[in-house]
Amino acid sequence: SNPSQANTGSNSITYTVTQNGCTGTTSTAIVVNAPPTPSITPVGSVCNNTSNVTLTASPAGGTFSGTGVTGNTFSITQAPGNYNVYYTYTDGNGCTGNAGTQITILAAPTASFAALNPICLQSGAISLSGGAPSGGTYSGTGVSGGTFDPAVSGVGTFTIDYTYTAANGCSDNASNTITVNDCAGIEEIDAIIVSIAPNPTSGDFKIIVSNEVINNTSFEIGRAHV
């Protein structure tokens, strides 16, 4: 009897011999066990800048195999592409079952973030740039959308992160720091009547006087000592 053709469970086999007109018969029981049907947990896609994949399957106690597999770990250091992973499980009856899945390694982008120049607390919000590839997002203290506001962050050195996500869903991050200084500016004289622009400044500036008539007024400008 072919076990692949027999029903599972206990099956009886009879052996008959006829010699010189005499017949002898003997029989024995054969137990046909169903093979196990293991399953392997699907992984799908994984970016090559993340952690190695820990493989799991059921029932536990079997072995994994395939390119990039060591023990129950799949390494993401192979070239981007599709990889087949197999799981073999042998039960207590000595019967073996197999399962498989495919893992796709995706190429992650490489983000960069150019250095940021120091700015003054009094400068107002600035547009952030220098993140590459373009189209990513900035985050951090004082950051809103694509701008950095020193009035929100205050004085100090702050880390700004740049995150770029590629079309395949993989991301990369780069960071840099920006320093906010409390710059010494030109003090305004009675802001209702006189204003100075730009303020603060280390170069040319204008003294703007209101429409009120100011007689016998002079202005003296000197260099501040720090």
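The points below comment on the fold, the strand pairing, the disulfides and a few single residues of a predicted model.

1. Basis. Residues are numbered from 1 along each chain as its sequence is written, and side-chain values use heavy atoms, with hydrogens and water left out. As the model is predicted, local features need pLDDT of at least 70 and side-chain atom pairs count only at pLDDT 80 or more, whereas totals for chains, interfaces and linings use all residues.

2. Overall content. The protein has one helix and 22 strands (DSSP runs numbered from the N terminus: helices are H or I with at least four residues, strands are E with at least two). Of its 226 residues, 24% count as buried (buried is under 20% relative accessible area, exposed is over 50%, partly exposed is in between; 1.4 Å probe, protein chains only). Among contacts with a separation of 6 or more, 44% come from residues 24 or more positions apart (contact means heavy atoms within 4.5 Å).

3. Strand β7 (residues 63-65) pairs with β10 (residues 81-90) in the antiparallel sense over three bridges (two strands pair if DSSP finds at least two bridges between them). In this pairing Phe64 stands opposite Tyr87 of β10. β10 also pairs with β11, again antiparallel, over ten bridges, and here Tyr83 stands opposite Ile103 of β11. β10 and β11 form a hairpin with five residues between them, and Gly94 in the turn has a positive phi of about 85 degrees.

4. Thr104. This residue is found in strand β11 (residues 96-106) and is buried at 19% relative accessible area. The side chains of Thr104 and Asn82 are joined by a polar contact of 2.7 Å (a pair of N or O atoms within 3.5 Å; within protein, one must be able to donate a hydrogen and the other to accept it, and residues adjacent in sequence count only if both atoms are side-chain atoms). Leaving out residues up to four places away in sequence, Thr104 touches Gly44, Ser45, Val46, Gly81 and Asn82.

5. A three-strand sheet. An open sheet has the order β14-β18-β17, with antiparallel pairing. β14 (126-127) and β17 are the edge strands, each with a single partner, so one side of each has no neighbour in the sheet. Two bridges join β14 to β18, and Ser127 has Thr147 as its bridge partner in β18. Gly145, in the loop between β17 (143-144) and β18 (147-148), is exposed at 56% relative accessibility. The C-alpha atoms of Gly145 and Ser127 are separated by 9.2 Å.

6. Disulfides. There are two (a pair of cysteine sulfur atoms within 2.5 Å). Cys47 is joined to Cys170, S to S 2.1 Å. Cys47 lies in strand β4 (residues 44-47) and Cys170 in the loop between β19 (156-165) and β20 (171-181), so the pair ties together parts 123 residues apart in sequence. Both Cys47 and Cys170 are buried. The sulfur atoms of Cys120 and Cys183 are 1.8 Å apart. The torsion about the S-S bond of Cys120 and Cys183 is about -90 degrees, so this disulfide is left-handed. In sequence order the bonded cysteines pair 1-3, 2-4.

7. Two further cysteines. Cys22 is exposed at 53% relative accessibility, while Cys95 is buried at 17%.
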